[in-house]
Amino acid sequence: MEKATFGAGCFWCVEAVFQDLEGVEKAVSGYSNGRIANPTYREVCSGLTGHAEVIQLTYDPAVISFEQLLEIFWKTHDPTTLNRQGADAGTQYRSGVYYHNDEQKHLAEEYKQKLNEAKAFDQPIVTEIEPLKSFYPAEDYHQNYYKQNGREPYCQFVVRPKVDKVRAVFGDMLRKGALQ
């Protein structure tokens, strides 16, 4: 098993995008690359800790590759907006690939460069690609959030469209029996 860590706005959205993919063993919402140890949600939301809201995946590279995870990452959020995704604004919502090894760094940088060269987005990509310096799991109530709170307005209006997009575009990569 290997790990991948991505920041793409609110971790509730990012978790929901990745957690039902075949080969993804675990998706944990958390905080990374900030200035203090074991931050709380309230501290991270203040913007003073420097952490990003992230999802850390444990995945089987024999079933799903890091390149496939990157493709889903790039296609399910706006990597051109600095410190924001939709109405969620603040440094904790920045776009980032927090690599675990040199191969992940190389693949992420190469993918970002190709997207920029192809002008895949109207604006340049601002996604940071940095080594994972720290990861702290978020509080329990943030874990598996969409599946437990799917009827809440935020989930219906913000998370669900991303989940629907994954199902439409990457449906062949979903685990059998994934929540429809």
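This is a predicted model: local features need pLDDT of at least 70, side-chain atom pairs count only at pLDDT 80 or more; totals for chains, interfaces and linings use all residues.

Trainee: For which feature does UniProt list residues 3-156?

Mentor: An unreviewed UniProt entry lists them as "domain: Peptide methionine sulphoxide reductase MsrA".

Trainee: How do I read the packing of two helices, and at what angle do helix α1 and helix α6 cross?

Mentor: Take the axes before the side chains. Helix α1 (residues 11-18) and helix α6 (residues 153-170) have axes that come within 9 Å and cross at roughly 30 degrees. Angles under 35 degrees count as roughly parallel, so α1 is roughly parallel to α6. The crossing of α1 past α6 is right-handed.

Trainee: Which residues of α1 and α6 meet?

Mentor: From α1 they are W12, C13, A16 and V17, which meet Y154, V158, V159, K162, V163 and V166 of α6.

Trainee: How do helix α3 and helix α4 pack, and how far apart are their axes?

Mentor: Helix α3 (residues 66-75) packs against helix α4 (residues 102-117) at an angle of about 40 degrees, and their axes are 11 Å apart. That angle makes α3 oblique to α4. Here too the handedness can be read: α3 passes α4 in a right-handed crossing.

Trainee: What residues make the contact of α3 with α4?

Mentor: On the α3 side, F66, E67, L70, E71 and W74 meet Q104, L107, A108, Y111, K112 and L115 of α4. The residues of this contact divide into seven nonpolar, one polar and three charged.

Trainee: How many aromatic pairs are there?

Mentor: Rings pair if their centres lie within 6.5 Å, and by this rule the count is nine. One of the pairs is F6 with F73, which is stacked, at 4.9 Å centre to centre with 25 degrees between the planes.

Trainee: Why does the pair of F6 and F73 tie together parts that are 67 residues apart in sequence?

Mentor: Because F6 lies in strand β1 (residues 2-8), while F73 lies in helix α3.

Definitions and conventions
Residues are numbered from 1 along each chain as its sequence is written. Side-chain values use heavy atoms; hydrogens and water are left out. Axes are lines fitted to C-alpha atoms, for helices over the stretch in contact, and angles run from 0 to 180 degrees between N-to-C directions. Helices (H or I, at least four residues) and strands (E, at least two) are DSSP runs, numbered from the N terminus. Angles under 35 degrees count as roughly parallel, over 145 as roughly antiparallel, 65 to 115 as roughly perpendicular and the rest as oblique. A crossing is left-handed if the near helix is turned anticlockwise from the far one by less than a right angle, and right-handed if clockwise. Contact means heavy atoms within 4.5 Å. Ala, Val, Leu, Ile, Met, Phe, Trp, Tyr, Cys and Pro count as nonpolar, Asp, Glu, Lys and Arg as charged, and the others, Gly among them, as polar. UniProt positions are given in the numbering used here, feature names are shortened, and annotations may be inferred rather than shown by experiment. Rings of Phe, Tyr and Trp (its six-membered ring) pair if their centres lie within 6.5 Å; planes under 30 degrees apart count as stacked, over 60 as edge-to-face and the rest as tilted.
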